[in-house]
Amino acid sequence: CGLKMDRKQSQFIQIDEVPDGYEFPVFGQGVNRSISKQDLFLQIGEDIKGIYGELVDTRWDIYPELREVGDVVSTKGCDAIADGGHGTFDIVASTALTVDGYSVIGAGPYAVLRTVSGKVKPEQLGAFADDSTDCYAAFVRAGNFSSAKNASIEGNGVYRLSQSWEPPSNLHLTGKMTLKSSSSPVNTGARIHFGLLYFRLKTNITIDAGVNFDLSLVTTLPSGASSVRAITFYGCSDFYVDKVNFITPGGATACMGCHDYIIDGATATATAGLADAVFDNWGEANNDFYGFHLLNLKIYGANQAKWGVLANGQTYDIYSLSGYDFFIDNIYAENCTLDAVWCGGRAPTIHDIHISNITSKNCRKGLSLSDVLRANVSNIIVNGSPDIGVDLWTETSSGGVTGVRDSVLNGVVLNNVASTRAGGAQPAAIDVQNGCTNNIFDNIRIAGST
């Protein structure tokens, strides 16, 4: 595109600065033809110009003496970086053949990958948003580069990932892109809780509205995994997931031993039941879970998902891991095979939590609390649950001893609930089991066939 190259020389032309009718050299020795600037741009396409800027074919050597330090060159070919992708580079003065982990060619000044206005596009690292090309390696490179340079990754289109990606800290995903799993993704690291994105001990993560996850092609558990999630956070903190759409055969997010995070405005649609919950939160290793907000979530279980929202304390070896000081607010869950929302402490109690504005439709149970102290629960609507509408209990089978105590439930509507239960027993609209004491119930309405 506007270049003449042979094995001995390279000529670079700044297309925007030449007049119409200029005779552009074309690939091949001794081959010239006259073409207007307008027709040239029609040939290379505005999409290529917009993504890559000035295009240089790196199947031939780049001669840096024809470039000034500070110039920008975009490349497409086999020698731009070691893996044979394409990228955007600055020309810089350097004596190293490898800069920022990328091998470059030439002598004298070298080409170094750069960002534009604090953003890097996946295409700059070899990705193609065509819902076909495996973009895993490109996103690994983009994540490492953006983290080091404090730049966001801005994508546009559908990017396929063939395996679980473990991004670094300081990651910011933005744009209008969908990260889509292949049908049989490789379980990188042999994680028990597979995540298409798996953050391990990371911090400062932002996933903006417009970024979506599609795992609809996954129908079985990846090798070594017991569950499937779109995003798994292990021992992480300070992350924000904003208005993300999930299509998942298991969970949307799993937050294990995490604290100080927000998941807001997400929509999740289940295609199978390959996870305990759509939005899952629990203690892990030696980490409690606390200080988080689950807000404005829509969960479409499709009679496939198990729990809608789950927050559980755990007992691992000598560790008793609790959850506390968290908010679950404005949740809509329908057609989950188990509970719309379950918060359970087990041996270590969950305490000082806030649950409000929950709407459950046709889930097995509406709200379930076990081994919880000082829960502030308000504005709960349960419609069409065949089992208990609101269940307060002690999970003795998992070491629970506390029950639910010193809690407030204010404003509960139970409509067409408690019709049938496994074994034929008639359940209660509200079931308060032995050991659950010193609780306040106010403004309870029973309606319909309950």
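This is a predicted model: local features need pLDDT of at least 70, side-chain atom pairs count only at pLDDT 80 or more; totals for chains, interfaces and linings use all residues.
Residues are taken as buried when their relative accessible area is under 20%, as exposed when it is over 50%, and as partly exposed in between.

In total, 15 aromatic pairs were counted. In one of these, the ring centres of phenylalanine 199 and phenylalanine 233 lie 5.2 Å apart with their planes at 10°, so the pair is classed as stacked. Because phenylalanine 199 belongs to strand 15 (residues 193–200) and phenylalanine 233 to strand 18 (residues 227–234), this contact ties together parts that are 34 residues apart in sequence. Phenylalanine 199 and phenylalanine 233 are both buried. A stacked arrangement is likewise assigned to phenylalanine 239 and tyrosine 261, because their ring centres are 4.5 Å apart and their planes stand at 10°. Here the contact joins strand 19 (residues 237–242), which holds phenylalanine 239, to strand 22 (residues 259–264), which holds tyrosine 261, so parts 22 residues apart in sequence are tied together.

The charged end of arginine 191 is placed over the ring of tyrosine 198, at 4.6 Å from the ring centre. Lysine 365 lies over the face of tryptophan 393, with a distance of 5.6 Å to the centre of the ring.

Arginine 191 takes part in a salt bridge as well, its partner being glutamate 166, with the closest N and O atoms 2.6 Å apart. This pair links distant parts of the chain, 25 residues apart: glutamate 166 is in the loop between strand 13 and strand 14 (171–186), whereas arginine 191 is in the loop between strand 14 and strand 15. The two partners fall into separate accessibility classes: arginine 191 has a relative accessibility of 17% and therefore counts as buried, while glutamate 166, at 35%, counts as partly exposed.

Eleven salt bridges were identified in the whole structure. Another of them connects glutamate 154 with lysine 119, the closest N and O atoms being 3.3 Å apart. Since glutamate 154 lies in strand 13 (residues 152–163) and lysine 119 in strand 11 (residues 119–120), the pair ties together parts that are 35 residues apart in sequence. Glutamate 154 is partly exposed, with a relative accessible area of 24%, and lysine 119 is also partly exposed, at 34%.

A further salt bridge is formed by the side chains of aspartate 339 and arginine 364, at 3.0 Å from N to O. Aspartate 339 is located in strand 32 (residues 339–344) and arginine 364 in the loop between strand 33 (350–361) and strand 34 (365–370), so that distant parts of the chain, 25 residues apart, are linked. Aspartate 339 is buried at 2% relative accessibility, whereas arginine 364 is partly exposed, with a relative accessible area of 28%. Elsewhere, salt bridges with shared partners join Lys119, Lys121 and Glu154 into one network.

On the surface, a nonpolar patch is formed by Val432, Phe441, Ile444 and Ile446, which together present about 300 Å² of accessible area. Strand 40 (residues 440–447) supplies the largest share of this patch, namely three residues. Isoleucine 444 lies in strand 40 and, at 35% relative accessibility, counts as partly exposed.

Definitions and conventions:
Residues are numbered from 1 along each chain as its sequence is written. Side-chain values use heavy atoms; hydrogens and water are left out. Patches are made of residues with over 30% relative accessible area and no salt bridge: like charges are joined within 9 Å, nonpolar side chains (Val, Leu, Ile, Met, Phe, Trp, Tyr) within 5 Å. Accessible areas come from the Shrake-Rupley method with a 1.4 Å probe; for residues, only the protein chains shown count as cover. A salt bridge is a side-chain nitrogen of Lys or Arg within 4 Å of a carboxyl oxygen of Asp or Glu. Helices (H or I, at least four residues) and strands (E, at least two) are DSSP runs, numbered from the N terminus. Buried means under 20% relative accessible area, exposed over 50%, partly exposed in between (1.4 Å probe, protein chains only). Rings of Phe, Tyr and Trp (its six-membered ring) pair if their centres lie within 6.5 Å; planes under 30 degrees apart count as stacked, over 60 as edge-to-face and the rest as tilted. A charge sits over a ring if NZ of Lys or CZ of Arg is within 6 Å of the ring centre and within 35 degrees of the ring normal.
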